[in-house]
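Please read them with the model open.

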Amino acid sequence: MTSGTSRRARVLAAAVGTGVLVPLVATATPASAAAPAVTCTSAKAGLAAKLKKDITAALATRKGTVAVGLYDRSTNTTCTLRASSAYDSASVVKVTVLAALLWDAKKTNRYLTDRENTLAKAMITKSDNAATSTLWKQLGMTKIKNFLTAAGMTQTKPGANGYWGLTQITVTDEQKLLKLLTAKNAVLSDNSRAYIIKLMGQVVSSQRWGTPYGVPSGVTVAVKNGWLQRSTNGWRVHSVGAFKGGGHDYVMTVLSHGNSTMNYGIATIQAVAKVIHKDLAAS
């Protein structure tokens, strides 16, 4: 009896040592914890159910972990998936950096300098990292955190030691920021909002993928994307966008990590964006 028990223990130890048990444990975990579901609400009859069904279907075969946010003012429609899950921001944080810069300038009643305008344009339209680092350093952690507080972006944690691309962001907070950019509010002036949306509308063509995919003709597009590969969770690929026209005024955030390649992440985001644009256009 004793020898049998010890033999089983040795077999178990050997199995653990070779990693045999690890895949079994890993594959068993998702089955025991149900994946979060897309939730939608809308003032427009039938729209919430359609969006929920189509967004869920768009993600059904996709690998990686995806978070989604949609808000359409025209139909009072909201959809969310993993709204509070944290992701490394990559370059989508650049919109926050510009908003913080403009918010701080407004407090001291000044316009941006020519140098700041040049840096801001490069940061948003070309996703220039050096320009971002310069503005991040100029602002400093106190001003960045003060802006986040003013904007109600309580789930956003700025990256430490100048690593702005490792800022922790969520769908909830990115949607808050996009809402501030697209409607009058006490945080950002009308001129500041218009300036950010204008630059997001001038993003170079090679970076206009993601949330604008499948947008109907006649709808204006403002977008900022982010992409970053790390040793854990593979590629982070994100896209935030604001859209207006065709009887709709909506903002969309899709965040993802665990993508095998950047292009895989882009395809996932675009599958979601395509059905959202289609369903809103048809409503």
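1. The axes of helix α5 (residues 114-125) and helix α6 (residues 129-150) come within 8 Å of each other and cross at roughly 130 degrees, where axes are lines fitted to C-alpha atoms, for helices over the stretch in contact, and angles run from 0 to 180 degrees between N-to-C directions. α5 is therefore oblique to α6, given that angles under 35 degrees count as roughly parallel, over 145 as roughly antiparallel, 65 to 115 as roughly perpendicular and the rest as oblique. Helices (H or I, at least four residues) and strands (E, at least two) are DSSP runs, numbered from the N terminus.

2. This is a predicted model, in which local features need pLDDT of at least 70 and side-chain atom pairs count only at pLDDT 80 or more, while totals for chains, interfaces and linings use all residues. Residues are numbered from 1 along each chain as its sequence is written, and side-chain values use heavy atoms, with hydrogens and water left out.

3. On the α5 side, the contact (heavy atoms within 4.5 Å) is made by Arg 115, Glu 116, Leu 119, Ala 120, Ala 122 and Met 123, and on the α6 side by Ala 131, Thr 132, Thr 134, Leu 135 and Gln 138.

4. A search of the whole structure finds 1 disulfide, a term for a pair of cysteine sulfur atoms within 2.5 Å. The disulfide joins Cys 40 to Cys 79, with an S to S distance of 2.1 Å. Cys 40 lies in strand β1 (residues 39-41) and Cys 79 in strand β3 (residues 77-81), so that the pair, 39 residues apart, links distant parts of the chain.

5. The torsion about the S-S bond of Cys 40 and Cys 79 is about 115 degrees, so the disulfide is right-handed. Both Cys 40 and Cys 79 are buried, meaning under 20% relative accessible area with a 1.4 Å probe and protein chains only.

How values were computed:
Buried < 20%, exposed > 50% of the residue type's maximum accessible area, 1.4 Å probe, protein only.
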